[in-house]
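Here is a short briefing to read with the model open beside you. Please have a look at the structure first, and then we can walk through it together.

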Amino acid sequence: MTLSSPSDAAPVPTGVPGLDDILAGGYAANRAHLIEGRPGSGKTTLGMQFLLAGVEAGETCLYITLSESKRELLSVASRHGWSLEGIEIFELVPPELSLDPKQQQSLVYSSDLELGETVQMALAEIERVKPRRVVFDSLSEIRLLSQGSLRYRRQVLALKSYFLLNDATVLMLDDLTSDQDDLNLHSISHAVIRLEQVVPAYGAERRRLSVTKMRGTAFRGGYHDLIIQRGGLRIFPRLVAADHHRNFTFDAIPSGIGELDTILGGGLSRGTSTLVIGPSGAGKSTLALGYLWAALERGEPALMISFDETIGILLQRAKGVGFDLAPHVEAGRLRIEQIDPANVSPGEFAGRVREAVERDGARVVVIDSLTGYLNAMPEQPFIVLQMHELLTYLNQQGVVTIMILAQHGMVGQMVSPIDLTYLSDAVVLLRFFEANGRIRRALSVVKRRTGSHEDTIREFRIDNQGLRVGPPLEQFRGVLTGVPTFEGQRASLLEERETDNGGGR
């Protein structure tokens, strides 16, 4: 009887960014893992990354393929920029695919053999190579040769037992090509990992991973978004805010504009999220840029996420109101992420934010805008829960988060596409109003959890020298209805500066 060693079932690095985190360290050593998914979901790439990590660790690796030729595998590897040198490839394919007699690997026409003979040849190769890591691709050929679920289960169980006796960590790939979802292997596999590919009504396909089972391991459940790019799979573990906390001081960060900080009770507090809400053109983005600029000038790293503008237009518009962001981008203090709504999943979006916070040390995050984010994820049923986790994570990291949300309509009764006010620690409301035949902007703060704030309404103005906030205006009525009316004197309003261009967004 073989007793388990102290390292038996110890975590083995997967070689896939993000997957070790989901599996609490990696695959289990000397165990068989079932990787299942439809064709095109990324199984072969995941298997290659596992073996490449083994080669890097100095381990012997074997790839047994019954579905793809060595030439095809090398082609896939070259597109990712990989070399498969150091990986033994044992090929079981029809001979017409490999007519070169100089090839070093064995060639067997599996459909002309009995199932037992095919399995025996795989076992003989394992005995010859004595690998520490094995990828078996794929089990569909074994299923077809078995011609019955009982025989199929017994043969896979024999393979698993042989792998265990030879202290090999194994990935068994299954492309789910049978008519029914075969659960035969779930009970005999140490772990079951499923890859899925979902095609939305518009935009690029979305891929995700879930761990159905992993014995004795507190793995991270649920769906985890992933992408396949040059270099292999990259997985974005589902964000759990409770797992991330950083000690920080709850101080307020100023904008450098006295009146604006006054109405907000001294500024925005670290570890809080602020929602800037109003109609298009009211100055929401420019208000957020004011706090972003002040943080950059203090030397604090920041992240700007733009759904609605290209980076070039964003930099040009910011410079037009006195915020030249280009030097901060060049110095690495500001990271601008332009998100294509049709090509980014919620998991990838959260992953980019985490990378900026944990790797680049971003202390201010601006999301412009939530409207674009919602449009990017129209078929995601739990978008509010995902945003809740992201905001909680940022708050626990001591980050100042500013979110911009455009309301439907310009004047009159306006409707928000989603209600995130209950998730926000502060809510800033922007409105248009008319005075003396001109359109002006009004600013008010309707909520601030971390302290007091003014309940007044102030005029808000934008010019090419930056932001201006006027004194409290008392002669207002109807602000919350969406059609504010100013009934005071013109002298109470802000006068134009010589360079005032009246622009804003």
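This is a predicted model: local features need pLDDT of at least 70, side-chain atom pairs count only at pLDDT 80 or more; totals for chains, interfaces and linings use all residues.

**Backbone and packing notes**

Asp-167 counts as partly exposed, at 38% relative accessibility.

**Positive phi angles**

- Asp-167 is not a glycine, yet its phi is positive, at about 55 degrees.
- You will find Asp-167 in the loop that runs between H6 and strand S7 (169–174).
- Ala-24 is likewise not a glycine and has a positive phi, of about 60 degrees.
- The place to look for Ala-24 is the loop between helix H1 (19–22) and strand S2 (27–28).
- Ala-24 has a relative accessible area of 44%, so it is partly exposed: the cut-offs are under 20% for buried and over 50% for exposed.

**Cis peptide bonds**

- Asp-137 and Ser-138 are joined by a cis peptide bond, with omega about 0 degrees.
- Ser-138 sits in the loop between strand S6 (133–137) and H5.
- Another cis peptide bond runs from Asp-368 to Ser-369, and its omega is near 5 degrees.
- Ser-369 belongs to the loop between strand S17 (364–368) and helix H12 (370–376).

**Helices H5 and H6**

- Helix H5 (residues 139–146) packs against helix H6 (residues 149–165) at an angle of about 135 degrees, and their axes are 8 Å apart.
- That angle makes H5 oblique to H6.
- The two helices, H5 and H6, have a right-handed crossing.
- On the H5 side, Leu-139, Ile-142, Arg-143, Leu-145 and Ser-146 make the contact, meeting Arg-151, Tyr-152, Gln-155 and Val-156 of H6.
- By type, the residues in this contact of H5 with H6 are 5 nonpolar, 2 polar and 2 charged.
- H5 is mostly covered, with 6 of its 8 residues buried.
- The buried residues of H5 are Leu-139, Ser-140, Ile-142, Arg-143, Leu-145 and Ser-146.

**The largest nonpolar core**

- The largest nonpolar core holds 39 residues, and Leu-260 and Leu-292 have the most contacts inside it.
- Helix H8 (residues 284–297) contributes the most to this core, giving 8 residues.
- Setting aside neighbours within four places in sequence, Leu-260 touches Ser-255, Leu-287, Tyr-291, Leu-443 and Val-469.

Methods. Residues are numbered from 1 along each chain as its sequence is written. Side-chain values use heavy atoms; hydrogens and water are left out. Axes are lines fitted to C-alpha atoms, for helices over the stretch in contact, and angles run from 0 to 180 degrees between N-to-C directions. Helices (H or I, at least four residues) and strands (E, at least two) are DSSP runs, numbered from the N terminus. Angles under 35 degrees count as roughly parallel, over 145 as roughly antiparallel, 65 to 115 as roughly perpendicular and the rest as oblique. A crossing is left-handed if the near helix is turned anticlockwise from the far one by less than a right angle, and right-handed if clockwise. Contact means heavy atoms within 4.5 Å. Ala, Val, Leu, Ile, Met, Phe, Trp, Tyr, Cys and Pro count as nonpolar, Asp, Glu, Lys and Arg as charged, and the others, Gly among them, as polar. A nonpolar core is a set of buried Ala, Val, Leu, Ile, Met, Phe, Trp, Tyr and Cys residues joined through side-chain atoms within 4.5 Å. Buried means under 20% relative accessible area, exposed over 50%, partly exposed in between (1.4 Å probe, protein chains only).
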